[in-house]
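Please look through the sequence and the three-dimensional model shown here, and keep both in view while reading the explanation that follows.

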Amino acid sequence: MTRPDAPPSARPRPETPPSVHPHPDTLAVHPPHVEVTGSRPLGVPLHQGHVFAFDSADALAEGFTSPDAFLYARLGNPTVRTLEDAVARLEGGASGLSFASGMGAVNAVLLSLLGSGAHVVAQTCLYGGTYAVLTDLAARWGVHVTYVSGTDPEEVRAALRPETRLLYLETIANPTTRVSDLPALAAVAAEAGVPVAVDNTFASPLLCRPLDHGADVVIHSATKYLAGHADVLGGVAVFKDRELYGRVRRHAVEQGASTDPFAAWLTLRGLQTLSLRVERQCANAAELAARLAAHPAVAAARHPSLASHPDREVAARLLPAGGGGVVSIDLAGGRDAGRTFVEAVRLASLSVSLGDVKTLVMHPASTSHHQLDAAALAAAGIGAGTVRISVGIEHVEDLWTDLEQALDQVLKKAA
Ligand SMILES: *Cc1c(COP(=O)(O)O)cnc(C)c1O
């Protein structure tokens, strides 16, 4: 059957193998190809196949040079492309690239834009995996990194050098919830012709679109808010223009951290409810942050919605729809209180990760950041009693009941 969009030179595909009576062994290998005509699937089709057949040798040859062709899934797959286009549209970018994980996206961007001797300016409070990659690049490739607070444009200006190739920021920092003044920082980089990459995982494109504020690349761990259901790893990078996309795509194809089509399909399934989830997570987080701040076991609560937040004014400009779903608290009782709290929750789960429909709590000082000493913890804005709460979509009163009983246990144990 000839496809309606097939080029005129394409030969019609036979529907069955060429022999008149193929052997069952052959039939088993060649099931009939069912085309959907007259209707279309409402859900995104899952194209799990990794390799595509062509009718013309010329078309296959052309496929090698066109990023839009489908020939081999590491170079492109229709379900994965649907995810790339969906996130690119949400972020307002020219094109997207999907990866097997958020770290796949981070690595592809860093390795494509940096070479040996290159200089990067990055914010201090970085996702741990990203910090590890930069440290590795510094040790093995002679990449130089200058860390800045991420809140002061003049600090960025002073850090720039002729060989600076990238300014790397995060919209909302982990776990401090500090909000980077993206437009002010990106403007300084633009004056110097330095591209800006922003990890927008904590905000999602529904709360902030960094490309609108001067970024050139946006990175997501799709594992978190975009997918949202604790069942898939993924990453996406979105590019302001096709030139940058082309540079990173070439590298990504070589690196091979491609997305499995089923993972892309799960992410697309999650994406359909992103706005409902994020709206509820933001509302729950703001309400819980206010109640947590008033509890006697809590020395400080941090969420961009709180009047006490140091970046309140930046957050009002950059995150007008909500301050995100992550709240962090400093327990007055320090490390012991942190451990008691995360083991005392019942509805929430003691887990790493964030952006899930379920509420997750963790104690950075004894887990994700256990290798840091007190000084390094303080530099990262983490106290011995800091607990990160990734607020889910459960009913806010059930969440408060759980967090409150856990805080009461902290007080009881300290008494
Ligand atoms: C989780 C996370 C990553 C890494 O993503 P993976 O999907 O775990 O590889 C990168 N940046 C941020 C801000 C994250 O939270």
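In which loop is Ser353 found? Ser353 is found in the loop between β10 and β11, where helices (H or I, at least four residues) and strands (E, at least two) are DSSP runs, numbered from the N terminus. Before going further, note that this is a predicted model, in which local features need pLDDT of at least 70 and side-chain atom pairs count only at pLDDT 80 or more, while totals for chains, interfaces and linings use all residues. Residues are numbered from 1 along each chain as its sequence is written, and side-chain values use heavy atoms, with hydrogens and water left out.

Ser353 has a phi near 75°, a positive value in a residue other than glycine. At 26% relative accessibility, Ser353 counts as partly exposed, on a scale where buried means under 20% relative accessible area, exposed means over 50%, and partly exposed lies in between (1.4 Å probe, protein chains only). The loop between β10 (349-350) and β11 (360-362) also holds Thr359, which counts as buried because its relative accessibility is 1%. The side chain of Thr359 reaches the backbone nitrogen of Gly392 at 2.8 Å.

Ser204 is found in helix α8 and, at 0% relative accessibility, counts as buried. Another backbone feature is the peptide bond from Asn174 to Pro175, which is cis, with omega near -10°; Pro175 is found in the loop between β4 (164-170) and α7. As background to these cases, most residues other than glycine have a negative phi, and most peptide bonds are trans.

The loop between β5 (196-199) and α8 (204-207) contains Thr201, which at 5% relative accessibility counts as buried. The side chain of Thr201 makes a polar contact with the side chain of Asp199, at 2.6 Å; a polar contact is a pair of N or O atoms within 3.5 Å, and within protein one must be able to donate a hydrogen and the other to accept it, with residues adjacent in sequence counting only if both atoms are side-chain atoms.

Of the 13 residues around the ligand, Met103, Asp199, Ser221, Thr223 and Lys224 come nearest, and a residue is taken as near if one of its heavy atoms lies within 4 Å of the molecule. By class, this shell has five nonpolar, six polar and two charged residues, where Ala, Val, Leu, Ile, Met, Phe, Trp, Tyr, Cys and Pro count as nonpolar, Asp, Glu, Lys and Arg as charged, and the others, Gly among them, as polar. On the backbone side, an N or O atom of Gly102 lies 2.8 Å from an oxygen atom of the ligand, and a backbone N or O atom of Met103 lies 2.8 Å from an oxygen atom of the ligand. From a side chain, an N or O atom of Ser221 is 2.8 Å from an oxygen atom of the ligand. The protein covers 92% of the 380 Å² of accessible area that the ligand has on its own, with areas from the Shrake-Rupley method and a 1.4 Å probe.

What, then, of the nonpolar interior? The largest nonpolar core has 45 residues, and those with the most contacts inside it are Leu167, Val196 and Leu319; such a core is a set of buried Ala, Val, Leu, Ile, Met, Phe, Trp, Tyr and Cys residues joined through side-chain atoms within 4.5 Å. The largest share of this core, five residues, comes from helix α7 (residues 182-191). Domain 1 (74-271) and domain 2 (274-414) both give residues to this core, so it lies between them, with domain bounds taken from an automatic or database domain assignment. In soluble globular proteins, nonpolar side chains tend to be buried together.

Leu182, placed in helix α7, counts as buried at 2% relative accessibility, and its C-alpha atom is separated by 38 Å from that of Gln405, 223 residues apart along the chain. Thr79, in helix α3 (residues 78-91), counts as buried at 0% relative accessibility; Thr79 and Ala158 are 79 residues apart in sequence and 44 Å apart in space, C-alpha to C-alpha.
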